[in-house]
Amino acid sequence: MRLVAPLSLLLAACAASGLDPLVLKGHELHASLVTRSLDEPNLRVPRHVRSNPQLSTDPEFLEAIGRGATQGRGLGREGIRAALYARYLGERGIGMYGFEAASAADADRIEGALRNTWSYAARSDQARVHRGGEVLVVVWADVESPGCWEAVNAVVVARLVAR
């Protein structure tokens, strides 16, 4: 017996994600940034992260990134089509969580959870939540130069607007 996947499943597997323009190497964000190696000592990454940057629709990855982005509360994988995780090394470090929501209502819910989780860091300008339609991105930094920090956020916003 030969099983053939329905065309809709094949097309969904090949469909581009709204996060595709944000799968970037460090130097594409700012000249001083390098893409971190997952083998670096003391680099804590979610268990399901296999590459850096990583964009996936795998349910376990979506769950891990959703939980990580909200520090264990607020998000799982519900309403998330794809997720992005990336870490970069500059003076200290910059990271990104990205989500493509399944609907505008899901994007609203995800945005609320992210803004709630990252509000403290946002007040001290160590994190920013960006939204472009149904795509949401959290950019956070340990400590970076103001020029690098602003450039990274400008690239994220430009990529969200250009999609």
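Predicted model: local features only at pLDDT ≥ 70, side-chain atom pairs only at ≥ 80, totals over all residues.

Q: Fine. How many helices and strands in the chain?

A: Five helices and six strands. Along the sequence they run α-α-β-β-α-β-β-α-β-β-α.

Q: What share of the residues is buried?

A: Of the 163 residues in the chain, 44% are buried.

Q: And the accessible surface, what does it come to?

A: About 8,700 Å². Carbon and sulfur atoms account for 54% of that.

Q: What about contacts between residues at least 6 apart in sequence? How many of those join residues at least 24 apart?

A: 62% of them.

Q: Let's move to α4. Where is the kink centred?

A: On threonine 117. Helix α4 covers residues 104–123, and the kink is about 50 degrees.

Q: Which residues of α4 are buried?

A: Asp106, Ala107, Ile110, Glu111, Ala113, Leu114, Thr117, Trp118 and Ala121.

Q: Switching to charges. How many salt bridges does the structure hold?

A: Eight.

Q: Which residue does aspartate 106 meet in a salt bridge?

A: Arginine 109, at 3.7 Å from N to O. Both residues sit in helix α4, three residues apart, about one turn of the helix.

Q: Aspartate 106, buried or exposed?

A: Buried, with a relative accessible area of 19%. The cut-off for buried is under 20%. Arginine 109 is partly exposed, at 35%.

Q: Which residues are linked with them in a network of salt bridges?

A: The network holds Asp108, Glu111, Arg115 and Arg131.

Q: And glutamate 63, what is its partner?

A: Arginine 77, with the closest N and O atoms 4.0 Å apart. Glutamate 63 is in helix α3, while arginine 77 is in the loop between α3 and β3, 14 residues apart. Glutamate 63 is partly exposed, with a relative accessible area of 22%. For arginine 77, also partly exposed, the value is 42%.

Q: Rings next. How many aromatic pairs?

A: Four in the whole structure. In one of them, tyrosine 97 and tryptophan 140 are stacked: 4.8 Å centre to centre, with 25 degrees between the planes. Tyrosine 97 lies in strand β4 and tryptophan 140 in strand β6, 43 residues apart. Both are buried.

Q: Why is the pair of tryptophan 118 and tryptophan 140 described as stacked?

A: The ring planes are at 25 degrees, so the pair is stacked, with centres 5.8 Å apart. This one joins helix α4 to strand β6, and its two residues are 22 apart. Tryptophan 118 is buried as well.

Q: Which residues make up the ring cluster?

A: Tyr85, Tyr97, Trp118 and Trp140, linked by ring pairs.

Q: Last topic, the largest nonpolar core. Which of its residues touch the most other members?

A: Ile65, Tyr85, Tyr97, Phe99, Ile110, Leu114 and Trp118, out of 23 residues. At least two residues each come from α3, β3, β4, α4, β5 and β6. The largest share, six residues, is from α4.

Q: What does tyrosine 85 contact, leaving aside neighbours within four places?

A: Its contacts include Arg44, Pro46, Phe61, Ile65, Met96, Tyr97 and Trp140.

Q: What other core lies apart from the largest one?

A: One of 21 residues, among them Leu24, Ala82, Leu84 and Val137.

How values were computed
Residues numbered from 1 in each chain as written. Heavy atoms only, no water. Bend = angle between axes of the 7 residues up to and from the residue. Helix = DSSP H or I, 4+ residues; strand = E, 2+ residues; numbered from the N terminus. Buried < 20%, exposed > 50% of the residue type's maximum accessible area, 1.4 Å probe, protein only. Salt bridge = Lys/Arg side-chain N within 4 Å of Asp/Glu carboxyl O. Phe/Tyr/Trp six-rings, centres within 6.5 Å; stacked < 30°, edge-to-face > 60°. Core = buried A, V, L, I, M, F, W, Y, C linked by side-chain atoms within 4.5 Å. Contact = heavy atoms within 4.5 Å. Areas by Shrake-Rupley, 256 points an atom, 1.4 Å probe, with all protein chains shown as cover.
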